[in-house]
Amino acid sequence: MDILHLLLETGFWVATVRMATPLIFGTLGELICERAGVLNLGIEGIMAAGCMAGWTWVYFGGDLWTGIVFAAFIGAMFGLLHSLFTVHLGLSQHVTGLGITMLASALSSFIFRMLLPSATTPPKIVPFAPVKIPVLGDIPVLGEILFYQSPVTLLAFLAVIGVAWFLYKTPAGLALCMTGENPMAVESQGLSVFAIRTLAVMAGSALMAIGGAFLTMSAFDAYYIGMVNGRGWICIALVVFSSWKPGKALLGAVLFAAFDAMQMRVQQQASMVVPYQFYLMMPYVFSILALIIMSRRSAYPKALLIPFRKGER
Amino acid sequence: MRLEPRENISLLHRAMVPVGAALVALLVCSVLIVWAGASPFEALLLFIKGSVGSKFAVSETLTRTIPLIFTGLAAAVAFRAKLWNIGAEGQLYAGACIATWLGTGLIDLPGWLMLPLLFAAGAVAGGLLLLGPTMLKNWLAVDEVVTTLLLNFIVLLFVNWLVFGPWKDPMAMGWPQAAPVVDSAILEPLIAKTRLHWGLVIGLVAALCVWLVMRYTTWGYEIRAVGCNRKASTFVGIPVNSVIIRTALISGGLAGCAGVSELCGLKGYLTLDLSPGFGYSGIVVAMLAALHPIGVVFSALFIAMLSIGADSMSRSLNISNYIADVATAVSLLAVLVSMLLTRYRIRWR
Amino acid sequence: MQDKQLLLDIQGITKRFGNLVANDRIGLQLQEGEILALLGENGAGKTTLMNILFGHYVADEGSITVSGIPLQPGSPREALKAGLGMVHQHFTLAENMTVLDNIMLGTESMFSFGRKDGRAREKIRRLCDQYELDVDHRSLVKHLSVGQRQRVEILKALYRDTRILILDEPTAVLTPQESDHLFATLQLLVEKGLAVIFITHKLREVVAASDRCVVLRHGRVTYTSVTAETSIDVLAREMVGGEIPEVRRPPVQSGANLLKLDTITVSDPHHYTLLDNLSLTVNSGEIIGIAGVSGNGQTHLADLISGLITPNSGTLCLHGSEVKKFSPQDMIHHGVGRIPEDRTGTGLIGDMTVKENLALENYTRSPFSRFGLLNFKALSHRTREITSCYDVRCGGPDSAARNMSGGNMQKLILGRVLSENPTVIIANQPTWGLDVGATAFVHRQLIEASRNGAGVIVISEDLDELFTVADFIHVMYKGTLSERIRPADTSARDLGLAMSGQRSVLHSVSLKEVQS
């Protein structure tokens, strides 16, 4: 009864779409990396770096949109580091990714503390305000849910369309998908597997960082250490859930955010019966369940996790 | 740029790996320290003083080494079999939970019986926690990296509930912590008036045992074979799935022991800050040691020095102590590269 | 021939890897409308030369000129632009993508915002008509047969307006009939002004399909001739650099029945039939050859006898008693010696030592381990025995297996298997990728084992190999086996027809006839 009521509430769906935004960016970013054959476990740290970078930019007088660009740039730099290690040197993608996460998280925290040594309560910035899209925003219910959101959320929707178009409709997207399926095919056609993978990991990491920046610049207005809180790992599960398809990634992120928003509402209403910690576990439990359900049919990129070495067969 | 395999790898090359990694970490941190406006030489001096400069410092460093030996061994064993156990943090808390449950009054035996029982129970809890992701990996090919990572969050929330809810100690003046373990469950100090406890000896024995198993037994041989080449191991009739499950139980068990040792040796009661990420640092410890069980002892010591020394140094110089985390991460990445360079040489065309 | 244009001119190419000289002052010319066969053993330097030609390596010395224009070294892109096209032995196709995707890859600007699929389809259709290549550009590559995939590879090259097409071991995976089809296509190509190089070690093909042939040995060009003026014997001698080691096969004396497969059926989880109602009998002293195009169930037959898969129905009897439990350990225990297809991937563990690799199948047994403890002394002792007995060249028992050459790896596997005196031996592609010397060694060992009473099954795509070692041949097609055939009663042509499904041409041997 209550849940049905909740699902009909516009405010619930507005919250869902808002909460889905970082997941959409993160999942798309990871999807691009994996489509090119590189697992990027740096995502958790790169999102944290994006959080930090975007917020700092604005706090020290930068403009919000250039803050997003700056976060993306920082993300791309960590992506470059990851690709140097995994693509060019062929190191273990698992261990390198964890190393990148450790490095990015530690650096973010260190720099935050260094820039603001004496701050006891996290200082605030003026975040993105929701923007109403003319005409579309006036559609009842749907307009409020989809077209009266933070501009970064709208950017996320555009990113889904953009990534899908890129993967399926452009020559560069074809080359990227081929690199994840059979790098030899790409190399034998005169394209550089190293270059494609490097660019893919950089672009994917930039998207992840934008997802992180959304947290400090739109969803909240301050930076907390540890605020990404496993969202990156959830995105990795969502990529499997989406079978490496951008459309399904969007669907998965929204579905996931809906569960998350629901547990928050239910938690407020009935916190006496079940302790709130169990509600907070739900996102992680759902991620594991999603992995289990999709395990049988997921058609992962064939060259995922396999380093490419020139001239080797 | 191309990588060319080296024909033979000298011992000197191997020895250079951790040294090189430490140097790179030092260099990166110096840059950060200069940026923060302090002198790196002064920082280094303070760092050394803070980690090994006094009896107290040494005892603190060794105390910090203990959990890292356990989690480092956990990662080393699992990674040998290419089982990517990133869940040592959760397994550590699982071990500590069971020990708390048993050790805070449920049973009270003499110490020589109580402690082995708690360690065994903690090991079982840690092992069982890793069993789930391992089964999913074996049967459904679900990536264990993500499942073990996510389990860490679930376990921590569970502990959060325990210490805020049913296990909250009414005598703790409102702090979220469980009741202290009974006296017979306390690991005695190794040196009087320090926090260094018998866990160190247990950790060293564990490292020795793991090394002996990996080197001299058919179990260790199977783990190495499965890790190096799963397909060939299946072909020659090694029971791959049960080897991986066995590895998972050993690895999770070692991580569980870390929790018991911290609980019974250092804290005395279960809290949410029992482990400041020992599970994750364990991965770095294992990689620094090139997955060698005896090497784990030394790399655990190194990582412990990093965090204790950086703590004390950052307090004196007013630099954030997150610099220890940066150093840890940098040394992990550096060791990966230097390990590669022992096996390959880089040719620029 | 005089007025034809010189398309490719390779002059004095030298390439060294450390102390090894892979290519030593190689010179090669190719004219328009010519089919050149490049012959050589494994390790003769063919692959290195091709990698240099396609810009994957840069030569230490020498120059390459294509259509009169010097080729910029070290750039695959430039090589493709100059009109060089390559069909690799292991196809470079992405299986989960369509033929169209595979062909279009890299042919358009990376900065373009849209693919021009329509124009590409049109061009592919035109090329298919022009060169009589029958491929549907919409299908996924994974649904295509080997022959079709090869046509996609050729189309890929033609789509880029290739003038020189190079094929690496193009017939390794084809039936003789498919090979003929390929050669007809190549003939059509050169008639339209292209030039073709094909790399091979099968001499018969050289004579059948090329205009000119070049032999490479130890990185040097040792022999060049117009094909019509040479013979198979001359080419064979030039390729090996001396007399070819002879493999003598004493007459077969079939003994007691060792292995009997009766109406075995195996399906995959999607209920796709892999082995279909298959029966096979192997007697003591026999070498049974299994011929067939790869992908017709040979791997599954090998896996079944190796204990890796369990049949859905049917029985497998070893020494007269039915095998109930299928696992590698059980098969080893019953005396089955297993030589796998992929020696680096499944046969050995490259990162472990030679000693440890030899223990893989018997480490649980005394004296190699007791109470779960390994006995290193016994292992070293056995390693020295086997390495000397089977002539394995390695850096000692404690050196890593990955540093050995392919031939020595195979000898090590042979040693591991044969030293246990197995009664049934299943060898899947035992000489794939080996040089002539190592091949002869493997053949001699298998023959010796069979004459000592073992029953041997050799699975091979190389008909010459089966004619050399097998006492009887079965042809495998779509998971079924033909009747037993005596090599003397058949020909490569007939076997080829049977490999593509036409069984009626074969004269089978009745079992009674064998045992009498």
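Helices (H or I, at least four residues) and strands (E, at least two) are DSSP runs, numbered from the N terminus. This is a predicted model, where local features need pLDDT of at least 70 and side-chain atom pairs count only at pLDDT 80 or more, while totals for chains, interfaces and linings use all residues. Residues are numbered from 1 along each chain as its sequence is written, and chains are lettered from A and ligands numbered from 1 in the order in which they are written.

**Chain A**
- Chain A has 13 helices and two strands.
- Its radius of gyration (taken over C-alpha atoms) is 20 Å, close to the 20 Å from the globule rule (2.2 Å times the number of residues to the power 0.38) for 313 residues, so chain A is as compact as a globular protein of that length.
- The C-alpha trace of chain A spans about 60 × 45 × 45 Å along its principal axes.
- Of its 313 residues, 54% count as buried, meaning that 20 or more other C-beta atoms, placed from the backbone, lie within 10 Å of a residue's own.

**The largest nonpolar core**
- A nonpolar core is a set of buried Ala, Val, Leu, Ile, Met, Phe, Trp, Tyr and Cys residues joined through C-beta atoms within 7 Å.
- The largest one here holds 373 residues, and Ala209(A), Leu73(B), Val326(B), Ile425(C) and Val458(C) touch the most other members.
- Helix 10 (residues 193-219) of chain A gives the most to this core, with 16 residues.
- Skipping neighbours within four places in sequence, the contacts (C-beta atoms, placed from the backbone, within 7 Å) of Leu73(B) include Ala206(B), Val210(B) and Leu254(B).

**Where chain B meets chain A**
- Here 40 residues of chain B are in contact with 38 residues of chain A.
- Among the elements of chain B that each supply at least two residues to its side are helix 5 (111-140) and helix 13 (323-343).
- That side of chain B has 32 nonpolar residues (Ala, Val, Leu, Ile, Met, Phe, Trp, Tyr, Cys and Pro), six polar and two charged.

**The sheet in chain C**
- Six strands form an open sheet in the order 16-19-20-13-21-22, with mixed pairing; two strands pair if DSSP finds at least two bridges between them.
- Strand 16 (336-339) and strand 22 (480-481) of chain C stand at the edges with a single partner strand each, so one side of each has no neighbour in the sheet.
- Strand 16 and strand 19 (residues 424-428) of chain C run parallel, joined by four bridges.
- Within strand 19 of chain C, Ile425(C) is the bridge partner of Gly337(C).

Methods: Buried ≥ 20, exposed ≤ 12 C-beta atoms within 10 Å, placed from the backbone. Contact = placed C-beta atoms within 7 Å.
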